[in-house]
Every structure is written in C-alpha cells, then in structure tokens.
Amino acid sequence: MPIGPARMPLFDHLGELRMRLVRIVTCLFIGVVVFYWAAPTIIQFLLLPIAEFLPQGANGQAVLTAIDPFESFATSFKVALWASAVTCSPVILWQILAFFLPALKPKERKWFMPAFAAAVILFIIGTVFCYLVILDPAFQWLSSQVTGWAQNLPRASSYVDTIIKFELGFGFAFELPLVVFFLAVFDIVPYKKLRGSWRVVYIVLMVIAAMITPDASPVTMMLLFAAMIVLYEGSLLISRIVLARKIKRQAAEEAEED
C-alpha cells in the first residue's frame, strides 16, 4: 500500500484521506459479511474456557439464553463486527499511520515499522493471555456469587459483551511495554525517573487494572496487575539495554558534577 508524498495540495490530502477511509470501511464490511455467517462457531470458541459454568445443549455445547427476538441477531452482528475489526486491525492501523507518516522526520520514521509490528503482536498476546488464563477463573468467581440464593441464566448479549470487553481490555493493557519504551527512548520521561518511581507506577497500574477489568473480581484484577508489572519491568529492561550508552554517559556526567 503506497505512502503519499509529504507535500500535497489540500484537496489532494482530502482525497487521500477519503481513499484510505474507503479502504477501511470496505475491509470492515467484507469482514462483517464473512464473520456474521461464522458467528455461531466464533461464539462457541469464545465460550470454550467457561463452558463448564454454562448449561449444555443436546450436542454437548454451551447454550446461552436470548431474552428477546432481536438479541440473537444483535449478538451475532456484534461478534462479527468485533471479529472483523480485530482481523482488519493491521490494515486499519496501516491506513491511519500511513496517512500521517509523510509528516514524520526520517529519524522518526525508522521507528514506524517496529512500533507497528510490536503493537499488533502485543495486542494479540494480550487477547491470547486473557483467553487461556483469565476467562476461566474470572467466570468461576462470578458464577460462584449466585450460589444458594439465585439461579444463573446466562444471557447471550451479556456474556458475549463481557468476554469481548475482557479480550479488548487485556489486548490494550498489553500495549504498556510499547508506551513505556517510547517514553524512555524519546526521553519524554527519563529512564531514571521511570525506574525510581516504581512505587507510584505500581499504584497507577493497580488502578488501571481495576478500571480495565469489566467485572469486580479481585482474582481478575490481581492477575492483570501482575501481568502489567511483568510487562512494565520487561519494558524497562529493554529500554535500559537500548539506552545503555546514554545511561552510562549521564551517570558519568552526574559523577563529574558531584
């Protein structure tokens, strides 16, 4: 997909913006059409980690409850839309970033492709981590809260919405290393300050973990908090390796001043 020149007339810029928006909408539309017919299979796949907490149908698969006539259609369409957005995310990100790329300086452009690839990979890792590690204990805790005083009727729209929010929350949370790395590399927040303020950062991460998790489960929040700490420390380690010479030079300058 070509990248336009840095200097263009205003109407040419608007034409390029329209072209890229058309590509994004077309990609999403095709994805929704394809994934809508595959929605039942996708939903069953999403329910696999929590199937033991759901009623089973005659075929042994998990069964959800649709309260009103339009709930099945709306849920299937929502799943198709999110599946299309996730699948088309590399195309969407590329179209957005490629529109602004000509305005970047050559020194800034060299970080574009690594950052683009890292963002996609980290998001996928976050969703896979949520699917394999988080969903089961989260729904186990949530299902246990109705024992003895209520009957759990898993509503289709509610359960699917919750799973999607979990996946998106963890996907975006796993972008933390990229944010910390560029804060340190571009000296927006010095590495020394990021390293020295770890207590404050941990508290902020705990608050973020509580805000991102869609349920009130302390199990889910602590698992996300632990994962974010590992990601934060890992990003600092990578930043220290990349900035080793700069950190050493700054330490020498501070020693000379003292």
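Q: Which residues lie nearest the centre of the largest pocket?
A: The model is predicted, with local features needing pLDDT of at least 70 and side-chain atom pairs pLDDT 80 or more, while totals for chains, interfaces and linings use all residues. Residues are numbered from 1 along each chain as its sequence is written, and side-chain values use heavy atoms, without hydrogens and water. A pocket here is an open set of points on a 1 Å grid over the protein atoms alone where a 1.4 Å probe fits, with protein on both sides within 12 Å along at least five of seven lines, and lining residues have an atom within 4 Å of a point. Of the 16 residues that line the largest pocket, those nearest its centre are Leu 46, Ala 83, Val 86, Thr 127 and Glu 167.

Q: Which elements give two or more residues to the lining of the largest pocket?
A: This lining has 13 nonpolar, two polar and one charged residues. The elements, helices being DSSP runs of H or I with at least four residues, are α2 (39-47), α3 (71-87), α6 (112-144) and α7 (156-173).

Q: How many residues line the second largest pocket?
A: At least two lining residues come from each of α3, α4 (89-100), α6 and α7. With Ser 89, Leu 93, Phe 123, Phe 172 and Glu 175 nearest its centre, the second largest pocket has a lining of 15 residues.

Q: Is Trp 37 buried or exposed?
A: Trp 37 is placed in helix α1 (residues 10-37). Because its relative accessibility is 70%, and buried means under 20%, exposed over 50% and partly exposed in between (1.4 Å probe, protein chains only), Trp 37 counts as exposed.

Technical notes:
Nonpolar A, V, L, I, M, F, W, Y, C, P; charged D, E, K, R; others polar.
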